[in-house]
Amino acid sequence: MQINLQNLGTLECSTPALSTCFDIVSQWSDNQSRSAMGRLCAMAICLCADDARLPKQRHLVNTADYGSKCLDALLGAGVPVGQILECGMTCITVMAAALPSADEVDETENFTEQPEQDD
């Protein structure tokens, strides 16, 4: 996947670790404030984009601080807020799709070996 950010150009993106995907996806909500959504989208971009100009963090411990760093980096580079929200939601959607669904978990369980039974 690629995203195009004003002043930063086209960036190659990859899906971060599943635990990180879970952290980001679980923070998303329809009723969050615009500032919270901006920080979440900025984090998603920085976590997915393969670009050394953006702050990276291996594990999300303090999301408020990391979200602020990401938002500062993107806004400081001249990326418009609307583009941060749009590209961030694209990244969050990719992260959500990477997480196993309940159906996939059930399907995996169906393929586990059954215990041997005596005849």
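Colleague: Which pattern does the protein chain follow along the sequence?

Modeller: In this predicted model, local features need pLDDT of at least 70 and side-chain atom pairs count only at pLDDT 80 or more, while totals for chains, interfaces and linings use all residues. Residues are numbered from 1 along each chain as its sequence is written, and side-chain values use heavy atoms, leaving out hydrogens and water. The protein chain has five helices and two strands, taken as DSSP runs numbered from the N terminus (helices H or I, at least four residues; strands E, at least two). Read along the sequence, the pattern is β-β-α-α-α-α-α.

Colleague: How many of the 15 residues of α2 are buried?

Modeller: Buried means under 20% relative accessible area, exposed over 50%, and partly exposed in between, with a 1.4 Å probe and protein chains only. The cover over the buried residues of α2 includes β1, β2, α1, α3 (63–76) and α4 (81–98). Among those buried residues are Met37, Leu40 and Cys48. Helix α2 is largely enclosed by the rest of the structure, because the buried count among its 15 residues is eleven.

Colleague: Is α1 roughly parallel or roughly antiparallel to α2?

Modeller: Helix α1 (residues 18–27) and helix α2 (residues 34–48) pack at an angle of about 160°, with axes 10 Å apart. Axes are lines fitted to C-alpha atoms, for helices over the stretch in contact, and angles run from 0 to 180 degrees between N-to-C directions. Angles under 35 degrees count as roughly parallel, over 145 as roughly antiparallel, 65 to 115 as roughly perpendicular and the rest as oblique. The angle therefore makes α1, relative to α2, roughly antiparallel.

Colleague: Which residues of α2 make the contact with α1?

Modeller: Contact means heavy atoms within 4.5 Å. On the α1 side, the contact is made by Thr20, Ile24 and Gln27. From α2 come Leu40, Met43, Ala44 and Leu47.

Colleague: What relative accessibility does threonine 20 have?

Modeller: Threonine 20 lies in helix α1. Not counting residues up to four places away in sequence, threonine 20 touches Leu47, Arg58 and Leu60. Threonine 20 counts as buried, its relative accessibility being 4%.

Colleague: Is asparagine 7 buried or exposed?

Modeller: Asparagine 7 sits in the loop between β1 (2–5) and β2 (9–12). Its phi is near 75°, a positive value in a residue other than glycine. With a relative accessible area of 54%, asparagine 7 is exposed.
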